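Here are a few exercises to work through with the model open beside you. Try each task yourself before reading its solution.

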Amino acid sequence: MGLFDFLKSDKHKAHDAAEKAKEQVQQQAGETRRPPAGSAADAASATRATAERMAAAAPPRPAPATPTPTSAAHKAVPAAPRPTAMPKPGAFSPAAPGAMHTPTPHSAAHKAVPAAPTRGPGSAAKKRTYTVRAGDSLPAIARQELGNEARWREVYAMNRGAVGPNPDLIRPGTVLTLPG
């Protein structure tokens with residue numbers, strides 16, 4: 001036996017081993033024969049069968065743990081908000097008429113929308129005004145006249161027509177109405 005014959009026989013053994021392995025795989029999969037290539041329905045069924053075999057062979061997934069009141073996970077997750085009952089139409093509401101929600105100083109609505117001026121029954125007689133001087137700004141006027149720099153939104157809301165669309169640009173000599 002020559003060198004080439006030896007290599008041929010080795011190659012023949014490897015081919016036979018591959019054929020045996022292929023037959024074993026087909027037997028394990030329950031396939032006795034492969035469907036002809038090119039058929040979409042056969043390819044889909046083969047893909048489905050492969051997915052089912054893989055799912056059956058995969059280890060089961062553990063169920064997600066439900067946090068208990070003493071576990072660290074329970075403390076890290078905020079509690080779900082409890083639903084509130086909706087008022088019935090026509091029922092008396094303790095809120096002010098026409099106001100569905102009153103923004104608080106910490107709510108986003110309070111910061112996003114300028115505060116609307118509130119007027120009582122006799123507020124027309126107590127109208128306070130301020131004449132803008134050079135170097136003034138709405139926050140500075142609010143700090144000086146109202147004691148709170150954050151109330152500049154109220155001043156701007158009451159004087160939007162006199163100030164214009166840019167609250168940072170106020171002209172000297174403009175007369176501003178101040179909230180009470």
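## Getting oriented

The protein has seven helices and two strands, where helices (H or I, at least four residues) and strands (E, at least two) are DSSP runs numbered from the N terminus. This is a predicted model, so local features need pLDDT of at least 70 and side-chain atom pairs count only at pLDDT 80 or more, while totals for chains, interfaces and linings use all residues. Residues are numbered from 1 along each chain as its sequence is written, and side-chain values use heavy atoms, with hydrogens and water left out.

**Exercise 1.** Find the largest nonpolar core and work out which element gives the most to it.

*Solution.* Start with the term: a nonpolar core is a set of buried Ala, Val, Leu, Ile, Met, Phe, Trp, Tyr and Cys residues joined through side-chain atoms within 4.5 Å. The largest one here has 12 residues, including Y130, L138, V155, I170 and L176. Next, sort by element: α5 (138–146), α6 (152–158) and β2 (175–178) each supply at least two residues of this core. The top contributor is α5, with four residues. Finally, pick out L176: leaving aside residues up to four places away in sequence, its contacts (heavy atoms within 4.5 Å) include Y130, L138, I141, V155 and V163.

**Exercise 2.** Which residues does T129 contact, leaving aside neighbours within four places in sequence?

*Solution.* First place T129: it sits in strand β1 (residues 128–131). Its contacts are V175, L176, T177 and L178. As a distance check, the C-alpha atoms of T129 and P179 are separated by 8.9 Å, though the two residues are 50 apart along the chain.

**Exercise 3.** Is T174 buried or exposed?

*Solution.* Locate T174 in the loop between α7 (160–163) and β2. Its relative accessible area is 16%, so T174 is buried. Now list what T174 touches, not counting residues up to four places away: Y130, T131, V132 and A162. One more thing to look for is a polar atom of the T174 side chain, 2.8 Å from the backbone oxygen of R171.

**Exercise 4.** How many salt bridges does a search of the whole structure find?

*Solution.* The search gives three.

- E145 pairs with R128, with the closest N and O atoms 3.6 Å apart. This pair links distant parts of the chain, helix α5 and strand β1, 17 residues apart. E145 is partly exposed at 26%, and R128 is partly exposed at 35%.
- R143 pairs with E149 at 2.9 Å, N to O. R143 is partly exposed at 46%, and E149 is partly exposed at 37%.
- E154 pairs with R151 at 2.8 Å, N to O.

Note on methods: Buried means under 20% relative accessible area, exposed over 50%, partly exposed in between (1.4 Å probe, protein chains only). A polar contact is a pair of N or O atoms within 3.5 Å; within protein, one must be able to donate a hydrogen and the other to accept it, and residues adjacent in sequence count only if both atoms are side-chain atoms. A salt bridge is a side-chain nitrogen of Lys or Arg within 4 Å of a carboxyl oxygen of Asp or Glu.
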